[in-house]
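Here is a friendly walk through one structure, with an eye on charged pairs, aromatic rings, a sheet and a helix. Please keep the 3D view open as you read.

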Amino acid sequence: MSHTVPRLLFADESGRVYEHPELLALVREPAGAALPRDAPVELPPHAHLASLPGRRPLGLDPRSGSVVELREMNIGRRMAKVSAVGAVLPPGWTRLSLPAYRTSPVAPVLPQWAYTAAAWDNDRGHVAYALHTDRRTHWDPATHSTEELPGLVSNRLRRDDNPLLRQLARCALEWRCFTAQNTFYVRDEGAIPASVGCNARCVGCISEQPPEGPPSSHERMEEAPDAERMARIGIAHLSAAPGRTMVSFGQGCEGEPLTRAQVIAAAIRRIRRATSRGSINVNTNGSLPENLDLLIDAGLDACRVSLNSAHAPLYEAYYRPVRYGWPDVDRSISLAKKRGIYTAVNLLTFPGVTDQQGEVEALCDLVARCRVDQVQVRSLAIDPEQYLAVARDKSAGGPVLGMRALLRALQKARKGLVIGNFARGLAERGLAVRN
């Protein structure tokens, strides 16, 4: 085979990554390890490689055509036990394939990242199986977590003793949440956490995990904020942030905002009495249509409903809803559009499941029937073994079409549908963006 065929990556016990001298890279498909269906791209700026402990990489022997499980390698003068490697992508990129590996029975649960198949190309270096799905630059990691951020946070906290800002400071500095950071940079989409409780028990929740699960990547607030505290943050941001300014209720560090609809509605009314600038959005699981209606009455102009599937059994197996179900989510999406607010779906994707034919058909039906404005594509951050266990016997099934085919089908299902990764400001809405 040509020397340009990507080769297998592996990591030693310290996490240092190497390329294999002979074995070719494979990706994970439902039927097992396979050659990739997509061409890889050069590892994007700000992406990084991660060692996957307890996972032994699978590569293809180009001479025999057989799949090889790599357990150890000679590195210099030592024999090293090896682990599989995955890429973690920056914002604006969507995973196309999963790394191929075999999991040890005693392997730990992986931290909550969206692990992407990666390889080594002799001409380009490290490559990843990914698609650039949103080329706008305002979420560029180079413009976040800058040297000036701690000073901006400290100055803001000195000027305003709002306890909600202290939560956002932790989100910005400890967990590097870009939306929280924007609150202190005073630009683009700013964050307003609103809830400490949730009516879903998502398997991949990033703010609350059982003892046997992976470490949560965020911590929830201890006390739910009142309307005045939320409004102060919203007013300050919308009044001062230039350009595509917006604020969003519902963040990774909290529960479900629709469970506090009355208080959020009061905050929205306060904000709109103070300023008419920008957009007010809610990120939600869409569980309580009547409560979403209350927020729209108060002045909400956009919502983003998160889901992993439009097929009820898989949706409910992952979200594990409490006193609501998939029909409520469907109704919220339909309601939002009928009420005239910008309606986006935050689609949590997982190659090999989301791109099954039955899943694709259900998503296309939802997008077309509810006249969704935007699909924000997000790679689901979860240990692949966890999600495959959830999806087993719950997904809609059918042949795997590939992630590119999924995105093409969605755009065909709804003329003018925006597909990307980031929320659109007021001036950008209604404009289809082709990537």
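Is R244 buried, partly exposed or exposed? With a relative accessible area of 30%, R244 is partly exposed. Please bear in mind throughout that this is a predicted model.

**Salt bridges**

E428 has a relative accessible area of 18% and is buried, whereas R244 is partly exposed.

In total, the structure holds 31 salt bridges. Another of them joins R232 to D160, with 2.2 Å between the closest N and O atoms. Here too distant parts of the chain are linked, since R232 lies in helix α4 (residues 227-240) and D160 in the loop between α1 (149-159) and α2 (163-173), 72 residues apart. R232 counts as partly exposed at 28% relative accessibility, and D160 is buried with a relative accessible area of 17%.

A local example comes from D365 and R369, whose closest N and O atoms are 3.2 Å apart in a salt bridge. Both residues lie in helix α9, four residues apart, or about one turn of the helix. D365 counts as partly exposed at 40% relative accessibility, and R369 is partly exposed as well, with a relative accessible area of 43%.

| Salt bridge | Closest N and O atoms |
|---|---|
| R232 and D160 | 2.2 Å |
| D365 and R369 | 3.2 Å |

**Helix α9**

How does the span of helix α9 agree with its 14 residues? Helix α9 covers residues 357-370 and should span 20 Å at 1.5 Å a residue; the C-alpha atoms at its ends are 20 Å apart, so the two values agree. Its buried residues are G358, E359, V360, A362, L363, C364, L366, V367 and C370. These buried residues pack against several elements: the strands β21 (302-307), β22 (342-349) and β23 (374-379), along with the helices α7, α8 (326-338) and α11 (403-413). Just after α9, R371 takes a positive phi of about 55 degrees.

**Aromatic rings**

Turning to the rings, a search of the whole structure finds eight aromatic pairs. One of them is F10 with Y18: the ring centres are 5.6 Å apart and the planes meet at 20 degrees, so this pair is stacked. F10 counts as buried at 1% relative accessibility, and Y18 counts as buried at 18%.

Y318 and Y387 form an edge-to-face pair, 5.8 Å centre to centre with 70 degrees between the planes. They link distant parts of the chain, with Y318 in helix α7 (residues 312-319) and Y387 in helix α10 (residues 384-391), 69 residues apart. Are Y318 and Y387 buried or exposed? Y318 is buried with a relative accessible area of 3%, and Y387 counts as buried at 0% relative accessibility. Both residues belong to one aromatic cluster formed by Y315, Y318, Y319, W326, F350 and Y387.

Charged groups meet rings as well. R187 lies over the face of Y185, at 4.0 Å from the ring centre. The charged end of R28 sits over the ring of Y101, 5.5 Å from its centre.

**A three-stranded sheet**

R28 also leads us to a sheet, as R28 stands opposite L98 in β13. Strand β3 (residues 27-29) and β13 run antiparallel and are joined by two bridges. They are part of an open sheet of three strands, in the order β4-β3-β13 with antiparallel pairing. Which strands stand at the edges? They are β4 (32-34) and β13 (98-99); each has a single partner strand, so one side of each is left without a neighbour in the sheet. As a general point, strands of a sheet pair through backbone hydrogen bonds, either parallel or antiparallel.

Conventions: Residues are numbered from 1 along each chain as its sequence is written. This is a predicted model: local features need pLDDT of at least 70, side-chain atom pairs count only at pLDDT 80 or more; totals for chains, interfaces and linings use all residues. Side-chain values use heavy atoms; hydrogens and water are left out. Rings of Phe, Tyr and Trp (its six-membered ring) pair if their centres lie within 6.5 Å; planes under 30 degrees apart count as stacked, over 60 as edge-to-face and the rest as tilted. Buried means under 20% relative accessible area, exposed over 50%, partly exposed in between (1.4 Å probe, protein chains only). A charge sits over a ring if NZ of Lys or CZ of Arg is within 6 Å of the ring centre and within 35 degrees of the ring normal. Two strands pair if DSSP finds at least two bridges between them. The expected span of a helix is 1.5 Å times one less than its number of residues. Contact means heavy atoms within 4.5 Å. A salt bridge is a side-chain nitrogen of Lys or Arg within 4 Å of a carboxyl oxygen of Asp or Glu.
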